[in-house]
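Welcome! Take a moment to turn the model around on your screen, and then let us walk through some of its parts together.

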Amino acid sequence: MDPELEAFLPFLPDTDLTDPVGARESFAERATARPAPDVADMRIEDRTVPADPDVPVRIYRPREAQGAVVWLHGGGFVFGDLDTEHPWAARIARGSGAVVISVDYRRSPENRFPAALDDACAVLAWTAGHAAELGVDPGRIAVGGHSAGAGLAAAVALRARDEQGPPIRFQLLNEPGLDDRQETWSQRTFTDTPWHDRGKVALAWRHYLGGAPATPYAAPGRTADLTGLPPAYIATAEFDPVRDEGIDYAVRLLRAGVSVELHQWPGTFHGSQAILSAEVSQRQIAALSAALRRALSD
């Protein structure tokens, strides 16, 4: 493991997904201790996207943005919100130059699949319909996120393809959770890795699906046909149970004729980019931002 990251292991808190409310409160409390991002050169606005129900969003507008990304936070479908995602959404906006629309989608287990996906798709449609107001080219809209949010972003791309939804320029998938079956080598092996392990992944899927069979829109790794999807940047962490499903998805996209950049970060674990003082974490965030900038400016 990366020495800088390893030094933090004794201080990492444990997230108890058996108690969703407590997990949210604990995560929100820890988020307040993170360094504030630099937002001096961007406008930030909280809005509500009309839907059923309405979806809260936070919009980050850097100067002279060309494109936008519908951004979906991580948290195992259970925790995370606009405030806890603020440091990452702001850094992505600043680093990429894109307008970031951070989505406060409904969380499980109170709101199971497809609630979060419906919210994300509603925000994508709203973003495309309000591109002029946002000051972006409607042909330069991406979807992206971390962890469960990255899995949601992949599902949004699938649904938009299948239902002739708004065109998506790019998928930015960081450590995506894509497959509820947990059959890969990394899922079978990483039972005690930092922050995220096999047991927590299983609990997250249980909260999200509620025992119902998973469809490809819930677990994009189940999708048989990946043709016609947007180009993707997929990042995976070495010591992460969802590592192999991200790599497998990237390879399957390539075989389906989709352009993919795959970056496997050695020495890292799921969510370790949150340790901002580590040099590898800074490089991870910079790489995500750079990939988005390239995709929306080409």
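## A look inside

In this predicted model, the largest nonpolar core has 55 residues, and Tyr249 and Leu253 touch the most other members. Helix 6 gives the most to this core, with 10 residues. A second, separate core holds 28 residues, among them Trp71, Ala90, Ile275 and Ala291.

What does Tyr249 touch, leaving aside residues up to four places away in sequence? Its contacts are Ala154, Leu158, Leu173, Leu178, Pro220, Gly221, Leu226, Leu229 and Ile234.

Let us stay with helix 6 for a moment. Its 15 residues reach 21 Å from the first C-alpha to the last, close to the 21 Å expected at 1.5 Å a residue. Because 13 of these 15 residues are buried, helix 6 is largely enclosed by the rest of the structure. After the helix comes Gln164, which has a positive phi, near 50°.

Now for another part of the fold. Strand 7, helix 9 and strand 8 together make a right-handed β-α-β unit. Here is where to find its pieces:

| Element | Residues |
|---|---|
| Strand 7 | residues 232-239 |
| Helix 9 | residues 243-255 |
| Strand 8 | residues 260-269 |

How do the two strands pair, in the parallel or the antiparallel sense? Strand 7 and strand 8 pair in the parallel sense, over seven bridges. To see how they line up, look for Tyr233, which stands opposite Glu261 in strand 8. As you look along them, keep in mind that side chains in a regular strand alternate between the two faces of the sheet.

Technical notes
Residues numbered from 1 in each chain as written. Predicted model: local features only at pLDDT ≥ 70, side-chain atom pairs only at ≥ 80, totals over all residues. Heavy atoms only, no water. Helix = DSSP H or I, 4+ residues; strand = E, 2+ residues; numbered from the N terminus. Expected span 1.5 Å × (residues − 1). Buried < 20%, exposed > 50% of the residue type's maximum accessible area, 1.4 Å probe, protein only. Pairing = 2+ DSSP bridges. Right-handed = clockwise from strand over helix to strand, strands pointing away. Core = buried A, V, L, I, M, F, W, Y, C linked by side-chain atoms within 4.5 Å. Contact = heavy atoms within 4.5 Å.
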